[in-house]
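The exercises below ask you to read a sheet, a helix and a ligand site from coordinates. Work through each task before turning to its solution.

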Amino acid sequence: MCGIVGYVGGRGATDVLLGGLKRLEYRGYDSAGLALVEGQKLHILKGTGKVRDLEQSVYAQWDAGFRDGARMGIAHTRWATHGSPTAENAHPHTDQTGHLAMVHNGIIENYVALRTQLKAKGHMFASQTDSEVLIHLIGELYKGNLFEAVSAALKHVEGTYGIAVVSANEPDQMVVARKGSPLVIGLGENETIVASDVSAIIAHTRQVIFLDDDDVAVLTAQGADIRNLHNIPVSREVAQVDWDVGAAEKGGFEHFMLKEIFEQPEALENTLRGRLDEAMGTAILSGLSLSPRELAGIRRLVIVACGTSLNAGMVGKYYFEELADLPTEVEQAAEYRYRNPIIQPDDMVIAISQSGETADTLAAVREAKQRGALVVGLCNVVGSTIARETGRGVYLHAGPEIGVASTKAFTCQLAVLLMMALKIGRCRRLSRQRGSEICEEIRQIPALVRSVLKRNDEIIAVAGEYAKVRDFFFLGRGCMYPVALEGALKLKEISYIHAEGYHAAELKHGPIALLDDQVPVMALMNDLAGREKMVSNVQECRARNAPVVGVITEGDDSAAQHVNGVIHVPRCSRLTAPIPTVVALQLFAYHVARIRGCPIDQPRNLAKSVTVE
Ligand code: M6R
């Protein structure tokens, strides 16, 4: 996720900006840059790599007098979304005159249309980013008052933004604005700092203002004048932040994993943004670069992935078979190249990988390409090896995932797979009306996840009862079966409890021998189609004295009678149900691990990105 820092005040801006960027490094980034305003001049340095590389360039290229003399500046760490990680795409971006500079966090959805209009007026663009289009629009509207130009430009923008903008013509003030992407203003003595989160601010002041959507503020050394887009003053509370730096990086959460679990509604909104077309009952996934005719011609899908991404692929199989009538195989990527994988002319291979760097998935991509398959990537990290080597696909836009246990990437993967199945289905036999209904179901996903997060206390209570066990079974049917696998994976990797995910019907074929009063079972009973059979499976477990926690649909009181403990999830469609369900299981695993005192963000023996076979 991109990070923003801005400074205006009575001391040298450079050190404050570089220090702030270092504090934001934990958010993940691929390039960094800063712009200083000194006198009526704007100086910009940016490039790929780390903040320390930027710092070295600053020290090598800018003398001490200048570094200390500049009293205002903006800085940025970029996590690529539009355009690969290159120096040209790094922020700050400038307008066509080179006098205005801006850093941006978020996504400008209508940037293609805006760029076309601006090009017609003679604007030339140096990057592939959506952000550069916005600063050009601001430049186009600039008539000597930066606040007015920014407010006017933002009225034309669809999408999300947190921005900080400076003008060489107005060296004592910067303009910041937010919609959807967080911005915090720090009020110091004779200085004002703005940043994406408080971790970049608290070394300087603990008096902060959290901006709301549609706020536009003029920052000077004396403070912040906050207005709305229509130039009407708004009043925002000044808060006192007591967090230490570690807590600030985690947004006040105890662990990155918990922060990322709670970020899921927003991450999912970013994944869905601009991709649903209710009127046509389809999804817009331009990165696939395949025509409706080509999508209609696909005869078989093969999904390759590892770990959590593999579990997402297994849910995807249900989606593709149900909505697109497409035979779908899900393969452990590690096995793919050691068999004789058959690729036929109309097969499509989908490689799923959060990091885009997993060695086994990458090897499967190369094998499939060598055999002539059409390969698409489903990655979170823009410009990652798998994204580059597939050359086509869909980005998750989930933001960087720092906790080793994958959470928000999984739910965003499911959202993308559902949209892909919808899109391919609409090119085949799915009706427009059914497509529109599915679009509406998909739109509900962030709200469904919010409703599970509100039940955190209920889940903490259940976790408290089972935190001491040695073994756990997770059972599901239909597309809740891979969700059970994912729930078990989450629990084992962060709590070190031995956990097994099983299809509920498979239990009787062996594992039931392990059940007794010391081996609890998590039964996913909220898939309505399989509900009665799950009730029978639960009774089989109870008959062996195994305690059962039921994940049940809100209001399904009769299911609650069959179990010892309950986790409620909201009523929703069969297609979307895996997402709120897995969020409940993520919280359960998290709280069990926390109660057991485990190192949740860096579990033993695990790495975030597995780049060896
Ligand atoms: O980056 P990838 O999605 O390719 O990673 C695959 C697995 O290594 C990853 O999902 C792993 O299983 C996680 N630790 C699960 O939480």
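**Exercise 1.** How far does a backbone N or O atom of T308 lie from an oxygen atom of the ligand? Find this distance in the predicted model, and then examine the other backbone contacts of the ligand.

*Solution.* Begin with T308, where a backbone N or O atom lies 3.1 Å from an oxygen atom of the ligand. Next, take Q354, which has a polar backbone atom 2.7 Å from an oxygen atom of the ligand, and then S406, whose backbone N or O atom lies 2.8 Å from a ligand oxygen atom.

**Exercise 2.** Describe the strand order of the open sheet of six strands, and determine what packs on it.

*Solution.* The order is 5-6-7-8-12-13, with antiparallel pairing. Strand 5 (93-94) and strand 13 (223-228) each have a single partner strand, so one side of each lacks a neighbour in the sheet. Within the sheet, strand 7 (residues 161-167) and strand 8 (residues 174-179) are joined by six bridges, and A164 has V176 of strand 8 as its bridge partner. Helix 5 (residues 130-141) packs on the sheet, touching strands 5, 6 and 7, and its direction makes about 140° with that of strand 6. Helix 6 (residues 146-154) also packs on the sheet, and its direction makes about 150° with that of strand 7.

Terms used:
Residues numbered from 1 in each chain as written. Predicted model: local features only at pLDDT ≥ 70, side-chain atom pairs only at ≥ 80, totals over all residues. Heavy atoms only, no water. Pairing = 2+ DSSP bridges. Helix = DSSP H or I, 4+ residues; strand = E, 2+ residues; numbered from the N terminus. Contact = heavy atoms within 4.5 Å. Axes fitted to C-alpha atoms, helices over the stretch in contact; angles between N-to-C directions. Polar contact = N/O pair within 3.5 Å; in protein donor to acceptor, adjacent residues only side chain to side chain.
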